[in-house]
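Open the model in your viewer and keep the sequence panel beside it. The stops below say what to select and what is found there.

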Amino acid sequence: MRKIVYLIAMVALFVLPACEGPEGPQGPPGVAGVDGQDGEDGEDGISLLNLVVEAEVDFTAENNYSSAFTFEIGEGDNLLVYMLWNVIDEKPLWAPLPNTVFLDEEKTLIYNYQFTADFFMVFMTANTNLSEISEDWKLNHYFRIVYLPGDFLQTNAKIDLNDYEAVTKALGVSEADVVKLD
């Protein structure tokens with residue numbers, strides 16, 4: 001009798017898990033992801049984004065005292081822009097934008113930026129005609145554009161975003177990693 005019970009138990013172990021019921025309804029579709037760039041072997045890979053780029057800008061009447069660049073950013077990501085303000089003991093001092101300059105005769109000059117998902121622009125405005133402002137304030141300016149992934153801001157909330165050195169250190173970006181824009 002024991003052998004028959006063991007035999008029935010063994011058959012039940014193999015037969016019962018193989019049973020299937022009717023197929024249920026299909027679930028909702030997942031969120032579409034971004035397709036990466038194909039690697040050398042033809043398989044999808046990741047595209048590494050440089051987090052800091054540098055641009056030299058001249059603000060002239062011809063370019064409407066602005067300069068625009070194509071630069072795609074993801075949803076939830078952000079850009080910070082810093083202007084080379086001074087060099088002290090051969091070390092650059094990067095000032096965050098917007099940056100306001102109080103000139104003589106109650107004139108005020110503002111360097112600022114704006115961006116969308118596919119471009120950014122640096123520009124200058126003033127409370128006077130920009131053509132009256134000295135070329136020192138308009139020509140040969142360097143800007144560093146820092147790309148901040150959305151999750152970076154969540155995990156690094158205590159970083160002073162006004163401090164270029166602190167931001168790039170947290171991103172793990174060195175001077176050698178900065179890419180120059182044309």
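## The whole chain

Residues 24 or more positions apart account for 60% of the contacts in the protein with a separation of 6 or more, where contact means heavy atoms within 4.5 Å. This is a predicted model, in which local features need pLDDT of at least 70, side-chain atom pairs count only at pLDDT 80 or more, and totals for chains, interfaces and linings use all residues. Residues are numbered from 1 along each chain as its sequence is written, and side-chain values use heavy atoms, with hydrogens and water left out.

Show the cartoon. The protein has three helices and nine strands; helices (H or I, at least four residues) and strands (E, at least two) are DSSP runs, numbered from the N terminus. Along the sequence, the pattern reads α-β-β-β-β-β-β-β-β-α-α-β.

Now show the surface. The protein exposes about 13,100 Å², and carbon and sulfur atoms supply 54% of that area. Accessible areas come from the Shrake-Rupley method with a 1.4 Å probe, and for residues only the protein chains shown count as cover. Of the 182 residues, 30% count as buried. Buried means under 20% relative accessible area, exposed over 50%, and partly exposed in between (1.4 Å probe, protein chains only).

## Helix α3

Select residues 164-171, which make up α3. Which residues of α3 are buried? They are Y164, V167, T168 and L171. Turn the view to look down the axis of α3: the buried residues fall within an arc of 90°, so they line one face of the helix. The arc is that of the directions from the helix axis to the C-beta atoms. An α-helix has 3.6 residues a turn, so residues three or four places apart point the same way.

Then go to the two ends. D163 caps the N-terminal end of α3, with a side-chain oxygen 3.1 Å from the backbone nitrogen of E165. This is a polar contact: a pair of N or O atoms within 3.5 Å; within protein, one must be able to donate a hydrogen and the other to accept it, and residues adjacent in sequence count only if both atoms are side-chain atoms. Just after α3, G172 takes a positive phi of about 75°.

## Salt bridges

How many salt bridges does a search of the whole structure find? It finds four. A salt bridge is a side-chain nitrogen of Lys or Arg within 4 Å of a carboxyl oxygen of Asp or Glu.

Select K180 and E54, whose side chains meet in a salt bridge at 3.3 Å, N to O. K180 lies in strand β9 (residues 179-180) and E54 in strand β1 (residues 52-57), so the pair ties together parts that are 126 residues apart in sequence. K180 is exposed at 54% relative accessibility, whereas E54 is buried at 8%.

Select E175 and R144 next. Their closest N and O atoms are 3.0 Å apart in a salt bridge. E175 sits in the loop between α3 and β9, and R144 in strand β8, 31 residues apart. R144 is buried, with 3% relative accessibility. Keep both pairs on screen: salt bridges that share partners join E54, R144, E175 and K180 into one network.

A further pair to select is K107 and E132, with a salt bridge of 3.9 Å, N to O. This pair also links distant parts of the chain: K107 is in the loop between β5 (99-102) and β6 (108-115), and E132 in the loop between β7 (119-126) and β8 (141-148), 25 residues apart. Is K107 buried or exposed? K107 is buried, with a relative accessible area of 18%.

## H141 and its surroundings

Select H141, in strand β8. This histidine is buried, with a relative accessible area of 9%. The H141 side chain reaches the backbone oxygen of D136 at 3.5 Å. Not counting residues up to four places away in sequence, H141 touches A55, E56, V57, F59, M83, Y111 and D136.

## The last stop

Finish with D182, in the segment after β9. D182 is exposed, with a relative accessible area of 93%. The C-alpha atoms of D182 and V57 are separated by 9.6 Å, although the two residues are 125 residues apart along the chain.
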